[in-house]
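Please look over the sequence and the structure shown here before reading on.

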Amino acid sequence: MKLTLAVFALVCVAHCEDGARLLASKSLLNRYAVEGKDLTLQYNIYNVGSSAALDVELLDDSFSPEDFGVIFGMLSIKWDRIAPVSNVSHTVVLRPLKFGYFNFTSATIMYLAQEGAQVVVGFTSPPGQGGILAQRDFHRRFSPHFLDWAAFGVMTLPSIGILLLLWYLSRRKYDTPKSKKN
């Protein structure tokens, strides 16, 4: 009896709450953030409400011009409406200008849940703190090191060559073919 009453109350609350409800996420799409290389951010906004969200504005002021250059996209964008049970995505490409640790904080999202209602302010999920690698450290760690391997090969040739020469001389000296007698 108590369980059915609790379920009924939950259903009533869910149906009585009209208007738009936005869920927003912010995520880094790159595996590594590298100084001087493109860094891709994606914002996803989901409307899980029963009506359209109006005058939706996404504002991300966590990237200062001294630390990041905007290559593609905008850090402040507006949508007139987001339909119920739908989503929108927005992508921004930035270029980190400095290396070190950076706190990727959440963006702000503002919208009207219904026509004539008050402005609802929310935040995206924050990606958290991440390290931006220096370009020289990234190349030292992930480049194929062709020159290093070539130098290694050239340095090992004398030691392998001397052993091969000694083996060949001893084989020639002691491995004389014997004639067969019939």
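## Basis of the model

This is a predicted model, in which local features need pLDDT of at least 70 and side-chain atom pairs count only at pLDDT 80 or more, whereas totals for chains, interfaces and linings use all residues. Residues are numbered from 1 along each chain as its sequence is written, and side-chain values use heavy atoms, with hydrogens and water left out.

## Helix H3

H3 bends by about 35° at Leu-157, and a proline, Pro-158, follows within four residues; the bend at a residue is the angle between axes fitted to the seven residues ending there and the seven starting there. Helix H3 has 29 residues (146-174), which at 1.5 Å a residue should span 42 Å, and the 41 Å between its end C-alpha atoms agrees with this. The expected span is 1.5 Å times one less than the number of residues, and helices (H or I, at least four residues) and strands (E, at least two) are DSSP runs numbered from the N terminus.

## Aromatic pairs

Nine aromatic pairs are found in a search of the whole structure. Rings of Phe, Tyr and Trp (its six-membered ring) pair if their centres lie within 6.5 Å, and planes under 30 degrees apart count as stacked, over 60 as edge-to-face and the rest as tilted. One of the pairs joins Tyr-32 and Phe-142, tilted, at 4.8 Å centre to centre with 45° between the planes. Because Tyr-32 lies in the loop between strand E1 (22-28) and strand E2 (33-34), and Phe-142 in helix H2 (residues 135-142), this pair ties together parts that are 110 residues apart in sequence.

Phe-142 also forms a tilted pair with Phe-138, at 5.0 Å centre to centre and with 45° between the planes; being four residues apart in helix H2, Phe-138 and Phe-142 are separated by about one helical turn. Phe-138 counts as buried at 19% relative accessibility, while Phe-142, at 36%, counts as partly exposed (buried is under 20% relative accessible area, exposed over 50%, partly exposed in between, with a 1.4 Å probe and protein chains only).

## The open sheet

An open sheet of four strands has the order E6-E4-E9-E10 with antiparallel pairing, where two strands pair if DSSP finds at least two bridges between them. Its edge strands, E6 (76-82) and E10 (119-123), each pair on one side only. Strands E4 (residues 53-59) and E9 (residues 108-112) pair in the antiparallel sense over four bridges, and Leu-54 stands opposite Leu-112 in E9.
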